[in-house]
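Please look through the structure below with its sequence at hand. The paragraphs that follow lead from one part to the next.

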Amino acid sequence: MPDPIKRLTIRRPDDWHLHLRDGEVLRAVLPDTTAQFGRAIIMPNLKPPVSTTALAQAYRRQILDAMPAARGSAPAFEPLMTLYLTDRTTPDEILRARDSGFIHGVKLYPAGATTHSDAGVTDLLGYCMDTLEAMQACGMPLLVHGEVTDPGVDIFDREAVFIDRVMIPLRAALPELKVVFEHLTTRDGVDYVREAEGPIAATITAHHLLYNRNALFQGGLRPHWYCLPVLKREQHRRALLEAATSGNPRFFLGTDSAPHPRGAKEQDCGCAGCYTARHAMALYATAFEQAGRLESLEAFASLNGPGFYGLPQNAGTLTLERSEQTVPDELAMGDDVLVPLAAGSMLPWRVLTDPD
Ligand code: DOR
Ligand code: ZN
């Protein structure tokens, strides 16, 4: 057997799906992302939601103000802002977003699907057609949380049912609309994205590549593995890993890292969301290595995303080293703490940072 790869240098990656929150949580988590990624698509599910260009501009300013002071030649980080789609988002708002130059997508949360989604869309094809047409016309991508909210649909089937009930009719009506199927979790989703016609792509998280739903119940109930869309069966994890490592340009990196204080997850109705930003590239490298496909990490992390979004590739590189690290049991988050995904476990990879 050949020696395992010990070092891997790739073009600087981007995170195409990230929750940063605001205020002191933002200040606590942002350095984890800027240490590894050149850009990130910033999710707009704040309270209140980032539903206008003016709100996105203010949020962007907050993020830039929270940036860790640039150390020496540390590369800059660019937040790629998004708008939160509501039943009342107007076509004019889309034109303002396009003209802003800093808004790169509009996020669809079906109302009630996940954390801070109550202001989301109640009937996409009923209320949002004019707005979606404006997006199609100006090339603004729709970033989709692809789960139906119908309580009659089993939670493990919500992505597959969404494809039939929403994705297919939507894309039949608007075949040129750019769509990113966010945090894909099933074989059904992989097959759909791979085979669909027109401009469609998908992000895949590190946790959906590394774990199946057994992780939620490993020796007891494990709230820090709970996210939405929820982890699925092993056959789905394998399909995701195959897609992510295939080199197919429709699949790219989106951590969906979502910070919640420890207490908000460890309670009788715990929040959905896994925190992966601190160890993101080490987690992805671990998954790609397990698949024997480390050589395709660069396409997934650094090339496919800019290709779909029509942005240049980052200048600069990131180097990963095969050197073990243990994920800490908790991380400080302002006055609070959060528990990172895979706390206490060993990762075989780490990001090589410049010596201070
Ligand atoms: O698990 C999740 N957490 N899924 C989402 O869609 C939202 C996110 C959050 O904001 O915490
Ligand atoms: Zn998310």
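Buried means under 20% relative accessible area, exposed means over 50%, and partly exposed lies in between, taken with a 1.4 Å probe on protein chains only. This is a predicted model, in which local features need pLDDT of at least 70 and side-chain atom pairs count only at pLDDT 80 or more, while totals for chains, interfaces and linings use all residues. Residues are numbered from 1 along each chain as its sequence is written, chains are lettered from A and ligands numbered from 1 in the order in which they are written, and side-chain values use heavy atoms, with hydrogens and water left out. Helices (H or I, at least four residues) and strands (E, at least two) are DSSP runs, numbered from the N terminus.

Is T203 buried or exposed? With a relative accessibility of 0%, T203 counts as buried. Contact means heavy atoms within 4.5 Å.

Next comes a sheet. Three strands form an open sheet in the order β1-β10-β13, with antiparallel pairing. The strands β1 (7-11) and β13 (346-351) stand at its edges with a single partner strand each, so one side of each has no neighbour in the sheet. From one strand to the next the twist averages 35°. Two strands are taken to pair if DSSP finds at least two bridges between them. In general, strands of a sheet pair through backbone hydrogen bonds, either parallel or antiparallel. Between β1 and strand β10 (residues 317-326), the antiparallel pairing runs over five bridges, and R11 stands opposite T317 in β10.

Two helices lie across strands of this sheet. Helix α11 (residues 280-290) lies across β1, β10 and β13, at about 115° to β13. Helix α12 (residues 297-309) lies across β1 and β10 and runs at about 25° to β1. For these angles, axes are lines fitted to C-alpha atoms, for helices over the stretch in contact, and the angles run from 0 to 180 degrees between N-to-C directions.

Helix α6 (residues 158-173) has 16 residues and reaches 22 Å from its first C-alpha to its last, close to the 22 Å expected at 1.5 Å a residue. That expected span is 1.5 Å times one less than the number of residues. At D164, α6 bends by about 35°, the bend being the angle between axes fitted to the seven residues ending there and the seven starting there. The buried residues of α6 are R158, E159, V161, F162, I163, V166, M167, L170 and R171. An α-helix has 3.6 residues a turn, so residues three or four places apart point the same way.

Some backbone details remain, in the loops. The peptide bond from K47 to P48 is cis, with omega near -5°, and P48 is in the loop between β3 (39-42) and α2 (53-65). Another cis peptide bond joins L228 and P229, with omega about -5°; P229 is in the loop between α8 (206-210) and α9 (234-244).

R21, a residue other than glycine, has a positive phi, near 60°. R21 is in the loop between β2 and α1 (23-34) and is buried, with a relative accessible area of 12%. Phi of A342, also not a glycine, is positive at near 65°. A342 lies in the loop between β12 (336-338) and β13 and is buried at 1% relative accessible area.
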